[in-house]
Amino acid sequence: MKTILVPVSCPNCGHEAYVKSEQFIIPEFHQKHREAILDGSFFQYRCPVCRTAIECIHDCVYHDHAHHLLLILKRQGNEKEIVVETVEPIQRLVRTPLQLRETIRIFEDHFHDVPMSDLKARLLAQFKSRGCRLLSISYHDFDEPNKLLWFEVMNDHQQIDYRAVSLKYYEVARQRTSSIIDDTVLQEITITNVMKRVNLIKND
């Protein structure tokens with residue numbers, strides 16, 4: 001691990017502090033940090049004066065040897081600016097703690113983020129056609145006995161709900177995106193760039 005001090009300022013009372021955090025996380029050795037990322041508390045700090053919850057987001061690296069996964073949380077810049085020295089076949093650039101959490105869950109459950117992005121795009125379109133506007137949709141977990149993928153959705157009223165989708169729809173998305181999956185380089189996977197690549201295949 002690489003310990004860092006992150007400066008924070010409370011928006012409520014103005015209290016300033018330095019928060020100790022970790023910049024390099026290996027889940028095999030640091031299970032408590034993995035769990036904190038997944039439950040949303042890793043990038044949270046509570047002001048000791050007024051008890052206000054404060055986001056304490058910083059760049060970090062998450063290296064999961066068991067799932068051959070390297071995740072780089074970097075809020076600015078692009079993948080061309082990052083030099084990666086690792087043999088891990090799956091390397092991803094993510095921008096937010098939510099993206100970090102979601103990508104960990106996807107690969108730990110033995111799915112892939114490219115077809116998952118394709119599936120999410122189609123779910124968003126489906127919700128929109130029904131008059132339901134969503135601000136976000138992210139993979140949550142897999143109900144293996146019932147073959148259901150659960151997604152966390154947030155509507156335009158900031159309300160969070162959960163929706164289930166049959167595994168067969170993911171399998172269709174996997175077939176649809178099989179030719180654009182390339183895990184040989186560091187890349188940023190988003191719904192937008194995956195759908196652009198899918199549409200290019202359609203137009204060829």
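**Exercise 1. In this predicted model, which residues is arginine 105 in contact with, once its neighbours within four places in sequence are left aside?**

Solution. Begin by locating the residue: arginine 105 belongs to helix H2, which covers residues 97-108. Next, leave out the neighbours within four places in sequence, and the contacts of arginine 105 are Leu38, Tyr139 and His140. Finally, look for a charged partner: arginine 105 is buried but has no salt bridge, and the nearest side chain of opposite charge, that of glutamate 152, is 5.3 Å away.

**Exercise 2. Describe helix H2, asking how many of its residues are buried and what they pack against.**

Solution. Take the span of the helix as the opening step: H2 has twelve residues and reaches 16 Å from its first C-alpha to its last, which is close to the 16 Å expected at 1.5 Å a residue. Then consider its cover, for ten of the twelve residues are buried, so that H2 is mostly covered. The buried residues include Pro97, Leu100, Ile104, Arg105 and Phe107. As a further step, trace what surrounds them: the buried residues of H2 pack against helices H1 (31-39) and H3 (113-129), and also against strands E6 (60-64), E7 (69-73), E8 (90-94) and E9 (134-143). After the helix comes histidine 110, whose phi is positive, near 70 degrees.

**Exercise 3. Find where in the chain the partners of the salt bridge between arginine 75 and aspartate 59 lie, and decide whether each is buried, partly exposed or exposed.**

Solution. The side chains of arginine 75 and aspartate 59 meet in a salt bridge, at 3.5 Å from N to O. This pair links distant parts of the chain, since arginine 75 is in the loop between E7 and E8, while aspartate 59 is in the loop between strand E5 (53-55) and E6, 16 residues apart. For the exposure, compare each value with the limits, where buried means under 20% relative accessible area and exposed means over 50%. Arginine 75 has a relative accessible area of 45% and is therefore partly exposed, and aspartate 59, with 26%, is likewise partly exposed.

**Exercise 4. Work out which parts of the structure are tied together by the salt bridges of aspartate 113 with arginine 92 and of aspartate 118 with arginine 176.**

Solution. Start with arginine 92 and aspartate 113, whose side chains meet in a salt bridge of 2.5 Å, N to O. Arginine 92 lies in strand E8 and aspartate 113 in helix H3, so this pair ties together parts that are 21 residues apart in sequence. Both arginine 92 and aspartate 113 are buried. Continue with aspartate 118 and arginine 176, which form a salt bridge with the closest N and O atoms 2.5 Å apart. Aspartate 118 lies in helix H3 and arginine 176 in helix H4 (residues 167-177), so here the parts tied together are 58 residues apart in sequence. Aspartate 118 counts as buried because its relative accessibility is 0%, whereas arginine 176, at 28%, counts as partly exposed.

How values were computed: Residues are numbered from 1 along each chain as its sequence is written. This is a predicted model: local features need pLDDT of at least 70, side-chain atom pairs count only at pLDDT 80 or more; totals for chains, interfaces and linings use all residues. Side-chain values use heavy atoms; hydrogens and water are left out. Helices (H or I, at least four residues) and strands (E, at least two) are DSSP runs, numbered from the N terminus. Buried means under 20% relative accessible area, exposed over 50%, partly exposed in between (1.4 Å probe, protein chains only). Lys and Arg count as positive and Asp and Glu as negative; His and the chain ends are not counted. A salt bridge is a side-chain nitrogen of Lys or Arg within 4 Å of a carboxyl oxygen of Asp or Glu. Contact means heavy atoms within 4.5 Å. The expected span of a helix is 1.5 Å times one less than its number of residues.
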